[in-house]
Amino acid sequence: MIRSVVRGFGAALPKRVVTNQELESKVDTSDEWIVQRTGIRQRYIAGEGETTASLGEAAARAALDNAGLTAADIDLIILATSTPDNTFPATAVNIQNRLGMHHGAAFDVQAVCSGFIYAVTTADAYIRGGLARRVLVIGAETFSRILDWSDRTTCVLFGDGAGAIILEAQAGEGTIADRGILTAKLRSDGAHREKLYVDGGPSTTGTVGHLRMEGREVFKHAVGMITDVIEAAFEATGTTAEDIDWLVPHQANRRIIDGSAKKLGIPLDKVVVTVDLHGNTSAASIPLALNTAAADGRIKKGDLVLLEAMGGGFTWGSVLIRW
């Protein structure tokens, strides 16, 4: 059986750090309120010349260096983003060109905060189908560009950044002891669109628009939806929460992260949390967290790692992977 195995990982962040204290001077909020309700203490905000493509390129180069590969070794680039550099062409094509890669293919995937899960699942399908041997999967966002900075309920939550992994086809035995992706589960339900969306677009307003969110409604649905796809992953592989070495969730809100882990019976010391450092970076949050935990030695070869996310749409999904 062909498995999609992680060959390398990397990340990139903007230069500017924005603390809660800085936001206190701009909107009616406080460090205490932000930390208590979200767990966020700071976030990175893209400056002039820093874009989704530039951050994605930097994360991609870091992943290639980590893997000991070059762009010539990559067959396909899949970028998860909701904040592309342009309406078209795909920002993945921009990154492809920046890397000096003039072969293969590149395209974007848009599933908001679940984007990286959708992109990894798509890459796995290409690899298992024999259409690609190595896929560069990137999650990159500049959400600061679509925030209403006068809306204190949303502007404190989000940040910018990028993370990447390289998936490579390797032979496995077809058991859960194999390295690589063991299962992936995707879901969506468009009935929840109004709870988390951007109020603009080329086909409607001709503008980029701003992010709008019904925070309580998102929180109300999040834990149940996350639990749904994780339990589906357990059922598909015959694993349980006790088998998990690391849970790497979408870094939206510390209370959602803790609530999901508690409901699933996963100890908090097995949960990778970076929301305090990065805020919610949408499709970039999982690869940023993966990079952090793999780089500091927590996630090791052979560990069973569970990824999960939920985002606007609603979309949600999980990936179970043997590192």
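**Pockets and ring contacts in a predicted model**

The second largest pocket has a volume of about 670 Å³, the space filled by probe spheres set on grid points joined across faces, edges and corners. A pocket here is an open set of points on a 1 Å grid over the protein atoms alone, where a 1.4 Å probe fits, with protein on both sides within 12 Å along at least five of seven lines; lining residues have an atom within 4 Å of a point. The model is predicted: local features need pLDDT of at least 70 and side-chain atom pairs pLDDT 80 or more, while totals for chains, interfaces and linings use all residues. Residues are numbered from 1 along each chain as its sequence is written, and side-chain values use heavy atoms, without hydrogens and water.

**Second largest pocket**
- Of its 28 lining residues, Met-213, Gly-215, Arg-216, Phe-219 and Asn-253 are the closest to the centre.
- Helix H6 gives the most to this lining, with six residues; helices are DSSP runs of H or I of at least four residues, and strands are E runs of at least two, numbered from the N terminus.

**Largest pocket**
- The largest pocket has a volume of about 860 Å³.
- Among its 35 lining residues, the closest to the centre are Ser-82, Thr-83, Pro-84, Gln-110 and Val-208.
- Strand S9 (residues 196-198) contributes the most to this lining, with three residues.

**Ring contact**
- The charged end of Arg-255 sits over the ring of Phe-219, 5.1 Å from its centre; the criterion is CZ of Arg or NZ of Lys within 6 Å of the ring centre and within 35 degrees of the ring normal.
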